[in-house]
Structure formats: structure tokens, C-alpha cells
Amino acid sequence: MNLLGDIRSHLAAVASDPAGNALDPRLLEKFDRQVTESISETDRDILVHQLAELLPTLQQDPTPATTLVEILIRPASYTFDRVLDIDPPVDFAAGLKALFPSINLVTLSLLEKATFKSSDAGIVAGKPDIVAALIELWLSTPNTAVASKAHDVLLGLLAAGERPKEAATTTSQDYPEHYYEPSLMWRRVFRDKDIYDSIFRVCSLVSAGQNGQLGKRDKTVAQARLLDLLVKIDCESIRRPQIAK
């Protein structure tokens, strides 16, 4: 049996009639177990593109498809450049705002590819809508797996900038003083007034329970997530106001 051919034909059939044809989780799982580690990079790209085209049209739980995407992009050789080449282009902001946790997670996995090079993290930093959606998801989602993944991606993007030349005095063994300040992502998160204000808006208890706002319990959770990140990037500059009043 040609599993690669079978899976491509199956995805094409679902794409042609999303309402009438459902994904076959067993076929996708079988493909994962037997083929995904050995397929060529060309076939890997073709499948990712096919799945990217299918996902926005699905009328069922997208988890089988998003799981396959995550497996296909897992190798280190699948770089952010390849993510940017996906056709149709990945709508990161929409994926981060999606109601399905599986869509959130696969979008975060794609975004995570930008954490390995400062230039890639800079591309993300240049897209304020993506950064805003990432922070909103991280602070607001009730799904702990999604929140944890969003935290890791945000931390990775902040850390992707080059370390400054001056010696680092340390407040943490893992995250030395001034480690994050040079990055474009640092400037976007902590020096972009709209992004900076959004963090306070999500975390402020003053607006708890108001229209469109989290309740008090969820805002307390958001505050805890924020503090957890701040502890890991603690340095002199983060202790000072970043936005001039």
C-alpha cells in the first residue's frame, strides 16, 4: 500500500467536500507511525501545504489534521523560512485566536520555528497583530497546555535577540541580566504602547467581569502567568517603566 498516495488522496477528497467527507483518524495515525520520519523533504512540504489549505475549510474537530502538521514540521530541518513558504500563507493571528486548542497549538508550533534565529524572531516582532494575539492567548486561555506552549514561544522569541557585549550580572542562572533587552521582540512587547497596555488590560482586576473582560479568577491566573515570565527575564530594565507617561 502506498500510504503517501493514500493520505494525499484522502486529504484531497476531504478538501473537495468538507461537509460530506470526514477525516479518517486511523489513516492519519497509520501514516504518522509508518511514514512521516522517512518521507522526502519535498513530500513533507507538499503535505504541509495540502493540510494548510484544508484546515480553514474543515467542518469537524481539526485535531487529527493539526496533529499530523505538528509531526511533519517537528524536524529541526523544517525552518521558519519553510513556514513562511507555506501556501496558502499561515494566518498566525487567526490561528492564535481560534477557538480550537488544537489550532492554537499547531499555530504556536509553527511560530516556535522563529525562536531559533534572531532574524526570524525579528520578523515576528515586526507583526504587532501576531504579537498581540500571542500575548492575549497566553494570558487568557483556559487551556493549560496552550498557555504553557504560548509562554515557551514568547520566552523563546524574547531570548532570540543577540546577547549584548557587556558582561552579564545575573539574577538567574538561566536568564542573565540584560539578556533580553537587545531583541526586537523585547521592544515590541515592552515598549510598544498598545501591546504594553494590553498586558495591563488583561491582568487588571479593576475591569474583572466587565463586558468582554475576564472574570476575577481568570485575571488572577493571568497575573500569575505574567509574574512567572517576569521572574525568568528579571533584569534592571524590566524593573523600570518601559512606556513614558
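Student: Why is Leu84 called partly exposed?

Tutor: Please keep in mind that this is a predicted model. Leu84 has a relative accessibility of 40%. Buried requires under 20% and exposed requires over 50%, so Leu84 counts as partly exposed. Leu84 belongs to helix H5, residues 80-84.

Student: What makes the pair Tyr196 and Phe200 edge-to-face?

Tutor: Their ring centres are 5.3 Å apart, and rings pair if their centres lie within 6.5 Å. Their planes stand at 65 degrees. Planes over 60 degrees apart count as edge-to-face, so this name applies to Tyr196 and Phe200. A search of the whole structure finds 3 aromatic pairs.

Student: How do you know that about one helical turn separates Tyr196 and Phe200?

Tutor: Both residues are in helix H12, residues 193-203, and they are 4 residues apart, which means a separation of about one helical turn.

Student: What classes of residue make up the lining of the largest pocket?

Tutor: The lining has 18 nonpolar, 3 polar and 1 charged residues. The space in this pocket is about 450 Å³. Among its 22 lining residues, those closest to the centre are Ala52, Leu55, Pro56, Asp91 and Ile103. Helix H7 gives the most to the lining, with 4 residues.

Methods. Residues are numbered from 1 along each chain as its sequence is written. This is a predicted model: local features need pLDDT of at least 70, side-chain atom pairs count only at pLDDT 80 or more; totals for chains, interfaces and linings use all residues. Side-chain values use heavy atoms; hydrogens and water are left out. On a 1 Å grid over the protein atoms alone, a cavity is a set of points where a 1.4 Å probe fits but cannot get out, and a pocket is an open set with protein on both sides within 12 Å along at least five of seven lines; lining residues have an atom within 4 Å of a point. Grid points are joined across faces, edges and corners, and a volume is the space filled by probe spheres set on the points. Helices (H or I, at least four residues) and strands (E, at least two) are DSSP runs, numbered from the N terminus. Ala, Val, Leu, Ile, Met, Phe, Trp, Tyr, Cys and Pro count as nonpolar, Asp, Glu, Lys and Arg as charged, and the others, Gly among them, as polar. Buried means under 20% relative accessible area, exposed over 50%, partly exposed in between (1.4 Å probe, protein chains only). Rings of Phe, Tyr and Trp (its six-membered ring) pair if their centres lie within 6.5 Å; planes under 30 degrees apart count as stacked, over 60 as edge-to-face and the rest as tilted.
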